[in-house]
Each structure stands twice: as C-alpha cells, then as structure tokens.
Amino acid sequence: LQGLKRLRSPRGERGNWVRIVLPINLLIAKTRGSTIFPRYSMFKDHEIFIADELIYTFKEHIGYRKGELKKRLKEIEEEAFRLGCDYRFARALIHILLRKAEFQRPTTRVDPLKMRLELFSEVTKMFKGSVLDEEERKQVLECIAEKYKLDPSEVLRIIRSVHEEEEILKGFSDIEASDLLKEYNLALTQTLLFKALDIIVDLRATGTCAKIILFNVKRMGLMYTAERLDHDIRLYIDGPISAIKQTERYGTRLAKVLPYLIMAERWKIRAKVRRRGRVYNFFLTDRFSYLFPRVELKYLEYDSDVERTFYKRFQTLGSGWTIKREPEPLVVGKSILIPDFSFTKDG
C-alpha cells in the first residue's frame, strides 16, 4: 500500500527536494597526481549539437508519453557516444532537462490506485494470491471490467497509468544549448564539491554583492568562518563529508550557494575532495567564469526553523525591544561576524 501511495504522488510535489547536483555516477572528472578537475564542456560543435538535439526532442514531445520521450533520448545518447562524447555527458544533460519538464499522470475514468487495490483483492479472493497464467489473468480483468462497465483493455490502461513511463509531458522550460552546457558545467562542480572535506573561497566583490553572498552562506546553515584580507574576503567552509551529519542535505545547501560565490568580481575556490578512497586538490578561479551561468544576486530562502520561530516568538513578548533579522555584518579585527539578530531599545 505504501508503494502504491508513492506511485500516486504527483511529481510536482516531489520536485521540492530534488537535488540540484548530478548523481555521482554522472560526474566526469580527470585526475593528475594529487589534483582533480571536472571535464567541463568547452562548447565544442558536437557538444552544442547534442544539446540542441536534446532540447528539440523535449519540445517536440510535449503531449507525448514519457516512455516515448525516453526512447528518443536513448537514441541521442548513442549518437553522442558515436561523436566521441563520454556516455555520461548526454545522460547528465538529460538529467538537467528533466528538471525543466512538467509531467502529468494521464486522466482516467477511475482512480488507478482504487482499481489496482480491487484487482489485487480479486486475485487473492479468486486464486489465493498465486501467480496467474494468461487465462486466469484475463478472467480477473474481465471481472473488474464488468464491475466498472469498461472494456478489459481500458482496465489494463488504467492500472498501468500509475507507471512513470505513462506520464504525459505537459510543459517544458525552453533553454539555449549554450546555456544548458553552462548549467552542466555548474552541476559538475556542485557534484564534485559534494565530496569536499573543506573549501576555501577568496572573494573580491562590491559591498552589496559581498553582503548577499555572506548572508546566503549563513542562511543555508553552512559551517564557516570569514576573514578579511585587505580588499578580499576569505571564507573557510566545512565540506559535506567533513565530520558532520546529514551529508546530503548539507551538500545540497552548498550546491545552492555555489552560483553566488562565482558571481563576485574576482573569486578563487580551493577544496580538498575525497574520491574513490583518495583525497585530491581542486582549484578553480574566475578565469573560467565564462564556463558558468550568471545568476541574479538575491537572498536565498530563509532556511532555519529555529531562527524563524525565535523571531516570531520574540516579537510577541511586548518587551519594548525591537528585533531585526540579519543586520549589517560586523568587522572584528580581521574577522567578519554575521549576526543572526540585533536588538535595539531607546536608541
């Protein structure tokens, strides 16, 4: 029953916790000595061609079953391999594009979950739950069809409609091929840093940009220290596989912050990354900014239930104090302190 309920859940509801990063098995990276570097797309002609083909396929399959879409995507995967691409390249692009697609379960005259439960109940009642041969299967379908005054083929279509391949592509957020490849490059970096022990980021940014970046690092609950170095800011961030719990959740938060870090005027990222039992050094600078998408600098969604609850409860006390969430960062010597709250009363 629990399995059937999960099948029934609308895909949009699950989208809230889908990770930004790629599955680790789609990470393409090369190592040289103690250094690791993702194999980024350099926007070569055959990469642009494959990206274009995939985007066109999604747009052309609006209104079609997901199973039909997957069949065509598989053909493009094979074409990409023949052109010299790593087999993971096309699969990663598809993974990104699927997040831009909206699927909907087909409309049926009867609730598929209800019909499946009745069908299983009928099998148990008629044949004690044993494995059915073709004739027995036909008998059960006819019994259910008679009850609902439907054709047996319609019953079969309804009970199959819970499967993912039967979903219909209802919409797709269009994207240019070059922008898709930039998102792919960002996703590779996010996935690699999912295995980071620690990360050091040097930033040079305007006051507004620096403030948004620092607040987003804090809002996402990342464990960090910040230091002022002449005209730069240095962030020491604990990586997802340092000695902390909830590695996946923490890594997802880091992935959300990464696009903002590379929006600074100048930036440099160094990290120690664990991969296949070894620790490698990762190094990336703003010299490669052209490989990544540009994002609008904005404050990320507030991410701490504890702070949110404290803020609301304090406001109801009537203490005469005014509470302010996330006031200006404070410079203390060479360090930067980002307060959660400030409290004022009578100036």
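**Labels and their grounds**

Analyst: R276 lies in the loop between β8 (266–275) and β9 (278–285), strands being DSSP runs of E of at least two residues and helices runs of H or I of at least four, numbered from the N terminus. This is a predicted model, in which local features need pLDDT of at least 70, side-chain atom pairs count only at pLDDT 80 or more, and totals for chains, interfaces and linings use all residues. Residues are numbered from 1 along each chain as its sequence is written, and side-chain values use heavy atoms, with hydrogens and water left out.

User: Why is R276 called exposed?

Analyst: Its relative accessible area is 73%. Exposed means over 50%, buried under 20% and partly exposed in between (1.4 Å probe, protein chains only), so R276 counts as exposed.

User: Why is F43 called partly exposed?

Analyst: F43 has a relative accessible area of 23%, and therefore falls in the partly exposed class. F43 is found in the loop between β2 (35–38) and α3 (45–60), and has a positive phi of about 60° although it is not a glycine.

User: Why are α5 and α9 called roughly perpendicular?

Analyst: Helix α5 (residues 87–98) and helix α9 (residues 177–193) pack at an angle of about 100°. Roughly perpendicular covers 65 to 115 degrees, with under 35 roughly parallel, over 145 roughly antiparallel and the rest oblique, so α5 and α9 are roughly perpendicular to each other.

Terms used
Axes are lines fitted to C-alpha atoms, for helices over the stretch in contact, and angles run from 0 to 180 degrees between N-to-C directions.
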